[in-house]
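Thanks for coming. I will go through one structure today, piece by piece, and stop at a few places in the backbone along the way.

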There are 2 protein chains.
Amino acid sequence: MSNIPYKIYLEENELPKAWHNVRAAMKEKPEPFIHPATGNPCVKNDLLPVFCEELVEQELNVSDEFIPIPDEIQDFYRIFRPSPLIRAYFLEKILDTPAKIFYKFEGNNTSGSHKLNSAAAQVFYAKKQGLTSLTTETGAGQWGSALSMACAHFGVELTVYMVKVSSEQKPYRKVLMQTYGANVVPSPSDTTDIGKKILSENPGTGGSLGCAISEAIEAAVKTPNCRYVLGSVLNHVLLHQSIVGLETKAAMEKYGVSPDIIIGCAGGGSNLGGLISPFMADKIRGKNNIEFVAVEPSSCPSLTRGKYSLDFGDTGKTTPLIKMYTLGSGFIPSPNHAGGLRYHGMSPIVSKLYHDGYINAKSYNQSEVFDAAAKFAKCEGILPAPESAHAIKGAIDAALKCKESGESKVILFGLTGTGYFDMSAYQGYLEGKMSDYTPSDEDLQKGFDSLPDGS
Amino acid sequence: MSNIPYKIYLEENELPKAWHNVRAAMKEKPEPFIHPATGNPCVKNDLLPVFCEELVEQELNVSDEFIPIPDEIQDFYRIFRPSPLIRAYFLEKILDTPAKIFYKFEGNNTSGSHKLNSAAAQVFYAKKQGLTSLTTETGAGQWGSALSMACAHFGVELTVYMVKVSSEQKPYRKVLMQTYGANVVPSPSDTTDIGKKILSENPGTGGSLGCAISEAIEAAVKTPNCRYVLGSVLNHVLLHQSIVGLETKAAMEKYGVSPDIIIGCAGGGSNLGGLISPFMADKIRGKNNIEFVAVEPSSCPSLTRGKYSLDFGDTGKTTPLIKMYTLGSGFIPSPNHAGGLRYHGMSPIVSKLYHDGYINAKSYNQSEVFDAAAKFAKCEGILPAPESAHAIKGAIDAALKCKESGESKVILFGLTGTGYFDMSAYQGYLEGKMSDYTPSDEDLQKGFDSLPDGS
């Protein structure tokens with residue numbers, strides 16, 4: 001392995017021409033969405049008022065393992081793909097570990113993260129269907145930025161409901177989206193019924209992702225020729241993100257390397273789900289014995305302390321019921337939490353794989369995550385997004401374990417994005433103001449009380 | 001040319017192993033630095049108290065055309081190099097031009113620009129010489145960020161004098177440098193005699209690059225085992241930046257393409273000088289007929305309206321005298337100017353080449369530059385730094401000229417960096433608050449009055 005470059009870039013003719021649908025390989029499929037009114041599984045027509053038709057088909061498709069990527073999306077991908085697979089030689093040296101560490105870096109685009117992979121696809125399908133506008137929500141702003149870029153490229157109007165506290169903490173994220181032409185509305189707002197209701201019940205609220213989702217869905221349903229798009233959690237989003245795993249697998253195979261451990265941060269699960277997709281299919285089929293690790297913040301521990309339960313995807317309880325690991329749609333993470341990954345639930349695919357024992361999960365406090373981020377920035381030169389830094393912390397711990405045991409395992413992690421728009425969080429870290437708040441069992445119970453089955 | 005990829009990445013074994021020194025090819029060399037006290041050319045010993053020894057040798061070397069890049073610097077370059085040479089297919093399409101547009105993108109690193117190319121080299125040589133600390137100045141912050149990264153990597157302490165108005169407008173740039181461990185001091189400050197003097201004369205001043213340079217030099221000279229490093233203008237900086245031109249030339253030759261026009265933004269000249277270096281040597285030797293274009297802001301027009309004169313490099317008049325195009329070290333650009341490229345002078349190499357007719361120059365107002373930036377971001381997906389957007393505007397104009405004439409020229413420009421830390425400038429642009437102030441002849445005369453020969 002001594003002749004592995006620092007960075008492996010695939011040639012354009014080596015890039016994937018189809019996405020990978022891990023559900024086709026799963027022995028037990030994730031449970032279907034349930035219509036809250038009828039208790040029956042959702043069918044295509046239930047979802048069409050909210051989502052684009054082609055995305056609904058992808059959402060419900062559990063049988064086709066490869067789904068071709070349309071030429072127009074492949075063209076768009078060329079703006080920022082392939083992303084590099086980087087050998088973390090400098091990190092290995094500083095840790096003095098026999099482990100070989102690789103990371104797939106998705107931050108080399110203006111939106112700053114992997115989110116653009118799904119944004120490109122979703123906007124293309126919307127345009128193809130003849131829609132003229134889209135709505136979405138954004139928290140940290142990476143998804144909103146990605147979607148703004150894709151909408152500018154394909155010529156589709158966009159309204160972004162941005163969690164109010166984020167829009168105040170990150171005014172420049174808003175400017176970035178506006179530069180790409182998006183209409184950015186701090187949420188909760190008085191532009192929707194749900195926003196008005198939440199504002200009247202909690203006048204001082206800084207909002208939440210679940211609440212912004214409710215507003216975006218309401219706006220989409222009420223606007224002619226408009227649909228709602230979501231940047232994580234859903235099956236079709238994980239499908240688009242499989243481009244990350246496919247490129248990684250191709251790049252590693254090119255140099256004859258196979259990962260022993262794959263680590264990803266997990267908020268809604270799209271990054272982790274996309275990165276592991278083709279590797280997981282092989283594992284399910286007994287072709288590898290990779291350890292998969294999801295890393296989440298201790299302050300929003302949906303996998304490590306959540307329940308595997310039917311739940312709404314949003315605070316307003318307007319979505320179908322989703323079987324997933326969740327803290328309850330009523331769970332609101334601490335406003336002191338700067339590290340992203342604030343969603344109450346988790347991708348149903350990742351949830352099912354975790355439930356069936358294919359994925360492990362662990363959680364970290366904010367300060368240890370930012371320690372890892374600063375260490376990584378200093379030696380590898382990339383300032384990571386706080387979200388991504390969770391995976392770095394996981395990789396460092398795995399590498400130090402190898403140091404103890406003397407094993408030279410191959411560790412792969414996903415570096416989902418850069419932290420250029422998270423400097424206020426880094427400022428808090430440098431000033432020693434980072435809170436390591438972890439919810440108590442009582443705090444979590446309040447969220448669980450909001451679960452529809454009352455568990 | 002139809003099979004040219006969107007992005008050309010050289011393989012690691014194709015990367016340059018030596019920098020290119022264009023002075024070796026120049027028939028007439030740039031004039032040497034003049035010692036202000038004696039009026040004689042500066043020799044090595046004059047410069048050693050301020051600069052690292054190896055950098056002084058590079059600064060004075062006009063005869064060796066290729067200077068080997070030490071292994072440790074090549075290793076550091078692997079963090080962020082090779083940078084991609086990108087075919088601007090989407091921009092060509094929107095402009096409907098027969099021109100082929102390529103850009104070399106240097107923004108894919110945390111410092112956000114090409115500055116890291118020289119920072120890596122300068123810090124390595126400082127470390128090799130046994131120095132324990134460095135000082136520098138930064139305006140927009142790209143240089144300070146780059147140097148902070150390199151100092152963190154090689155383990156050298158760093159104090160950055162940051163132009164006060166920039167440190168207030170860009171607090172997050174400061175946090176970024178601090179995350180990499182740098183000590184950031186807003187300039188003018190009371191930590192130096194020159195800073196105190198400037199503060200007493202202009203209590204409310206927001207500072208300037210020339211003033212921050214004076215402070216950094218004073219601090220370096222007064223601190224044991226410390227030297228000063230500069231991110232542009234000087235010959236050794238252009239030498240390090242030749243990596244940009246060398247990679248570009250190799251990538252274009254790999255696909256059988258030769259540029260007809262090469263366009264770069266010009267502040268201190270390091271980006272332009274580095275990009276054109278090997279192409280210019282060929283032009284001087286009659287091997288090509290490339291048109292070279294320097295683009296600068298109308299508000300700080302050192303090439304298009306400056307004088308080719310001996311001048312100090314800093315406001316405090318502590319540097320040697322440099323023969324260059326200059327607005328006078330007393331020139332202070334309008335505080336309304338958000339577009340970077342605020343330095344009063346220009347690289348002596350670029351100045352000499354311009355004076356001898358090898359380079360053309362043009363200037364643009366801020367609003368047309370930001371128009372070009374927004375157009376580019378929407379179609380090519382990269383949000384450019386305002387500095388870089390000057391080159392984009394130049395390239396768009398050249399491409400539109402091709403459209404008129406029907407010529408399918410090959411246009412190459414340097415995209416030096418990203419605008420993630422310039423969102424307040426973009427905000428001003430979106431809000432229509434962009435000023436197109438251009439200095440009057442009287443304004444310029446005030447700067448010329450500060451020239452040492454009193455012209």
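Start with helix α11 of chain B, residues 235-254. At 1.5 Å a residue, its 20 residues should span 28 Å, and the end C-alpha atoms are 29 Å apart, so the two values agree. Keep in mind that this is a predicted model.

Where is the kink in α11(B) centred? It is centred on Gln241(B), and it amounts to about 30 degrees. Just after the helix comes Gly256(B), which takes a positive phi of about 65 degrees.

Next, the sheet in chain B. In what order do its strands run? The order is β8-β7-β6-β9, which makes 4 strands in an open sheet with parallel pairing. At the edges stand β8(B), residues 183-187, and β9(B), residues 226-228; each has a single partner strand, so one side of each is left without a neighbour in the sheet. From one strand to the next, the twist averages 20 degrees.

Now look at one pair in that sheet. Strand β6 of chain B, residues 133-138, pairs with β9(B) in the parallel sense over 3 bridges.

The crossing of α6(B) past α8(B) is left-handed.

Over to chain A. Strand β7(A), residues 157-163, is mostly covered, since 6 of its 7 residues are buried. Its pairing with strand β6(A), residues 133-138, is parallel and runs over 6 bridges. Within that pairing, Glu137(A) stands opposite Tyr161(A) of β7(A). As a reminder for reading any such strand, in a regular strand the side chains alternate between the two faces of the sheet.

The last part is about backbone angles. Most residues other than glycine have a negative phi, and most peptide bonds are trans. Chain A has some exceptions to show you.

Pro82(A) sits in the loop between α3(A), residues 71-77, and β4(A), residues 85-87. Another cis bond leads from Ser187(A) to Pro188(A), with omega near 5 degrees. Pro188(A) belongs to the loop between β8(A), residues 183-187, and α9(A), residues 193-201.

Then there is phi. Asp96(A) is not a glycine, yet its phi is positive, near 55 degrees. Its place is the loop between α4(A), residues 89-95, and β5(A), residues 100-105. Is Asp96(A) buried or exposed? Its relative accessible area is 53%, and exposed means over 50%, so Asp96(A) is exposed.

Asn225(A) is not a glycine either, and has a positive phi of about 60 degrees. You will find Asn225(A) in the loop between α10(A), residues 209-222, and β9(A), residues 226-228. With a relative accessible area of 38%, Asn225(A) is partly exposed.

That is the end of my list.

Technical notes. Residues are numbered from 1 along each chain as its sequence is written. Chains are lettered from A and ligands numbered from 1 in the order in which they are written. This is a predicted model: local features need pLDDT of at least 70, side-chain atom pairs count only at pLDDT 80 or more; totals for chains, interfaces and linings use all residues. Side-chain values use heavy atoms; hydrogens and water are left out. Helices (H or I, at least four residues) and strands (E, at least two) are DSSP runs, numbered from the N terminus. The expected span of a helix is 1.5 Å times one less than its number of residues. The bend at a residue is the angle between axes fitted to the seven residues ending there and the seven starting there. Two strands pair if DSSP finds at least two bridges between them. Axes are lines fitted to C-alpha atoms, for helices over the stretch in contact, and angles run from 0 to 180 degrees between N-to-C directions. A crossing is left-handed if the near helix is turned anticlockwise from the far one by less than a right angle, and right-handed if clockwise. Buried means under 20% relative accessible area, exposed over 50%, partly exposed in between (1.4 Å probe, protein chains only).
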